[in-house]
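User: Please walk me through this model one feature at a time. Give me the general idea, then the case here.

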Amino acid sequence: MKITSLVARILLGLLFVVFGLNGFLHFIPMGPMPTGHAGQFVGALAGSHHMVVVFVLQLIPGVMLLLNEYVPLALTLLAPVIVNIVLFHAFMAPEGLPMAVAATILWILTA
């Protein structure tokens with residue numbers, strides 16, 4: 001179980017570091033904006049600069065997980081981010097739900 005937790009912690013850290021950095025550096029090409037309520041929601045978050053806070057709350061705990069420092073704090077900071085990711089994909093954009101579930105499983109294994 002120790003190795004499983006270690007691998008899950010590293011994968012979760014990499015996941016959030018990559019996507020947190022992508023929010024600032026835009027190195028992963030994004031597809032078109034979603035339509036309907038999902039597009040309105042993403043537009044409101046981007047327009048209000050709320051996503052900057054989300055990207056910071058992905059990047060810093062991701063680095064903390066990779067460095068194995070303050071892991072409980074990192075998991076605490078990532079929990080609401082993961083809940084929002086899961087709810088967004090469950091109710092508005094189901095095509096991303098498998099990745100959200102994978103992040104949730106990694107979070108549980110790390111915790």
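**Reading the helix packing**

Analyst: α1 and α5 make a left-handed crossing. Left-handed means the near helix is turned anticlockwise from the far one by less than a right angle; clockwise is right-handed. Helices are DSSP runs (H or I, at least four residues), numbered from the N terminus, as are strands (E, at least two).

User: What should I know about the model before going on?

Analyst: This is a predicted model, where local features need pLDDT of at least 70 and side-chain atom pairs count only at pLDDT 80 or more, while totals for chains, interfaces and linings use all residues. Residues are numbered from 1 along each chain as its sequence is written, and side-chain values use heavy atoms, with hydrogens and water left out.

User: At what angle do α1 and α5 pack, and how far apart are their axes?

Analyst: Axes are lines fitted to C-alpha atoms, for helices over the stretch in contact, and angles run from 0 to 180 degrees between N-to-C directions. Helix α1 covers residues 2-25 and helix α5 covers residues 97-110. Their angle is about 135°, and their axes lie 8 Å apart. The pair is therefore oblique. The scale is this: under 35 degrees is roughly parallel, over 145 roughly antiparallel, 65 to 115 roughly perpendicular, and the rest oblique.

User: Which residues make the contact of α1 with α5?

Analyst: Contact means heavy atoms within 4.5 Å. From α1 come Thr-4, Ser-5, Ala-8, Arg-9, Leu-11, Leu-12, Leu-15 and Phe-19. From α5 come Met-99, Ala-103, Leu-106, Trp-107, Leu-109 and Thr-110. By class, the contact holds 10 nonpolar, 3 polar and 1 charged residues. Ala, Val, Leu, Ile, Met, Phe, Trp, Tyr, Cys and Pro count as nonpolar; Asp, Glu, Lys and Arg as charged; the others, Gly among them, as polar.

User: Now α1 and α4. What angle do they pack at?

Analyst: About 60°, with axes 12 Å apart. That makes α1 oblique to α4. The crossing is left-handed. Arg-9, Leu-12 and Phe-16 of α1 meet Val-71, Leu-75, Leu-78, Val-81, Ile-82 and Ile-85 of α4. The contact has 8 nonpolar residues, no polar and 1 charged.

User: And how do α4 and α5 run: roughly parallel or roughly antiparallel?

Analyst: Their angle is about 155°, and their axes are 9 Å apart. That makes α4 roughly antiparallel to α5. This crossing is left-handed. On α4, the contact is made by Val-71, Leu-75, Leu-78, Ala-79, Ile-82, Ile-85, Val-86, His-89 and Ala-90. On α5, the partners are Leu-97, Ala-100, Ala-103, Thr-104, Trp-107 and Thr-110. The classes are 12 nonpolar, 3 polar and no charged.

**Core, burial and backbone**

User: Which residues of the largest nonpolar core touch the most other members?

Analyst: A nonpolar core is a set of buried Ala, Val, Leu, Ile, Met, Phe, Trp, Tyr and Cys residues joined through side-chain atoms within 4.5 Å. The largest one has 14 residues. Leu-12, Leu-15, Phe-16, Leu-65, Leu-75 and Leu-78 touch the most other members. α1, α3 (50-67), α4 (71-91) and α5 each supply at least two residues. α4 gives the most, with 6. Take Leu-12 as an example. Leaving out residues up to four places away in sequence, Leu-12 touches Leu-65, Leu-75, Leu-78, Ala-103, Leu-106, Trp-107 and Thr-110.

User: Is Asn-22 buried or exposed?

Analyst: Buried means under 20% relative accessible area, exposed over 50%, partly exposed in between (1.4 Å probe, protein chains only). Asn-22, in helix α1, is buried at 7%. Beyond residues up to four places away in sequence, Asn-22 touches Phe-27, Ile-28 and Met-30. For contrast, look at α5. Val-101 is in helix α5 and counts as partly exposed at 39%.

User: What is the phi of His-26?

Analyst: Most residues other than glycine have a negative phi. His-26 has a positive phi of about 55°. His-26 sits in the loop between α1 and α2 (36-47) and is exposed, at 60% relative accessibility. His-49 also has a positive phi, near 65°. His-49 lies in the loop between α2 and α3 and is exposed at 56%.
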